Amino acid sequence: MTEINFTKTYSPLTSAEIVAKEKSNMDEKRFKHCIGVSKTSRKLAELNNYDPDKAALAGFIHDYAKQVSPERFIKVIKEQHFDQDLLNYNRAIWHGIVGAYFIEKELKITDPEILTAIRRHTTADVEMTILDKIVFVADFIEPGRDFPGVEEARKVAYDNLDDGVGFELAHTLDFLITNRKKIYPKIFAAYNKWAVKD
């Protein structure tokens, strides 16, 4: 596997320390996914005139908290005064919104833009920065993803980042509705902003 190295970590920790901490926080499959999202974030950044190194770092750490235990998430939601409605959801939502808390505490990354991109990568939002969009979309189209429509999703995203956000939101909403899953309200609002075609 190629060595992962970030020229700037936005943290007192070195690149090697961040990589080691992330690797110890998840299984091998999730770690490979994070590498794929990092590389895809870099590519999307280059296509959209954004800092590729910063995008690659944000993409790499986006799922840092994905495999944190539900008990730890619940404790943080209660003790850190997060929106208590989050308790009605699960790690699929928590690892973004609450995951940024673990990244700040454990990886010591305090850059607001990176933390916001982590918070928004599971739900998107009505307002999204370029970095928010890059991480959100890269998570969906990284090379390890294999689902019906993934090639179209990649083409759309590489052609136009905003369209990529809209495509992903439409696909996600369709999946959640088809499988009768609970939908976090912010996803509806983001869909109305980015995915609706007049």
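The largest pocket holds about 1000 Å³ of space. Of the 36 residues that line this pocket, Lys66, Ala92, Arg145, Thr172 and Phe175 are the closest to its centre. The model is predicted.

**Largest pocket**
- Helices α2, α5 (91-97), α8 and α10 (161-178) each supply at least two residues of the lining.
- Helix α10 gives the largest share of this lining, six residues.
- By class, the lining of the largest pocket has 13 nonpolar, 11 polar and 12 charged residues.

**Second largest pocket**
- The second largest pocket holds about 170 Å³ of space.
- Its lining is made up of Val156, Asp162, Asp163, Gly166, Phe167, Ala170, Trp194, Ala195, Val196 and Lys197.
- Here, too, α10 supplies the largest share of the lining, with five residues in the second largest pocket.
- The residues of this lining divide into six nonpolar, one polar and three charged.

**Helix α3**
- Helix α3 covers residues 52-61, and because eight of its 10 residues are buried, the helix is largely enclosed by the rest of the structure.
- The buried residues of α3 are Lys54, Ala55, Ala56, Leu57, Ala58, Gly59, Phe60 and Ile61.
- These buried residues pack against α1, α2 (28-47), α6 (99-107), α7 (112-120) and α8 (130-141).
- At the start of α3, the backbone nitrogen of Asp53 has a side-chain oxygen of Asp51 within 3.0 Å.

**His33**
- His33 is part of helix α2.
- The relative accessible area of His33 is 7%, so this residue counts as buried, the cut-off being under 20%.
- A polar contact of 3.2 Å joins the side chains of His33 and His62.
- Leaving aside neighbours within four places in sequence, His33 is in contact with His62, Asp63, Asp139, Glu142 and Arg145.
- One of these contacts, Arg145, is also among the residues closest to the centre of the largest pocket.

**Ser15**
- Ser15 lies in helix α1, which covers residues 15-24.
- With a relative accessibility of 6%, Ser15 is buried.
- Beyond its neighbours within four places in sequence, Ser15 is in contact with Ile4, Asn5, Phe6 and Thr9.
- Asn5 is 10 residues from Ser15 in sequence, and the two are 5.7 Å apart in space, C-alpha to C-alpha.
- A polar atom of the Ser15 side chain lies 2.7 Å from the backbone nitrogen of Phe6.

Key. Residues are numbered from 1 along each chain as its sequence is written. This is a predicted model: local features need pLDDT of at least 70, side-chain atom pairs count only at pLDDT 80 or more; totals for chains, interfaces and linings use all residues. Side-chain values use heavy atoms; hydrogens and water are left out. Helices (H or I, at least four residues) and strands (E, at least two) are DSSP runs, numbered from the N terminus. Buried means under 20% relative accessible area, exposed over 50%, partly exposed in between (1.4 Å probe, protein chains only). Contact means heavy atoms within 4.5 Å. A polar contact is a pair of N or O atoms within 3.5 Å; within protein, one must be able to donate a hydrogen and the other to accept it, and residues adjacent in sequence count only if both atoms are side-chain atoms. On a 1 Å grid over the protein atoms alone, a cavity is a set of points where a 1.4 Å probe fits but cannot get out, and a pocket is an open set with protein on both sides within 12 Å along at least five of seven lines; lining residues have an atom within 4 Å of a point. Grid points are joined across faces, edges and corners, and a volume is the space filled by probe spheres set on the points. Ala, Val, Leu, Ile, Met, Phe, Trp, Tyr, Cys and Pro count as nonpolar, Asp, Glu, Lys and Arg as charged, and the others, Gly among them, as polar.
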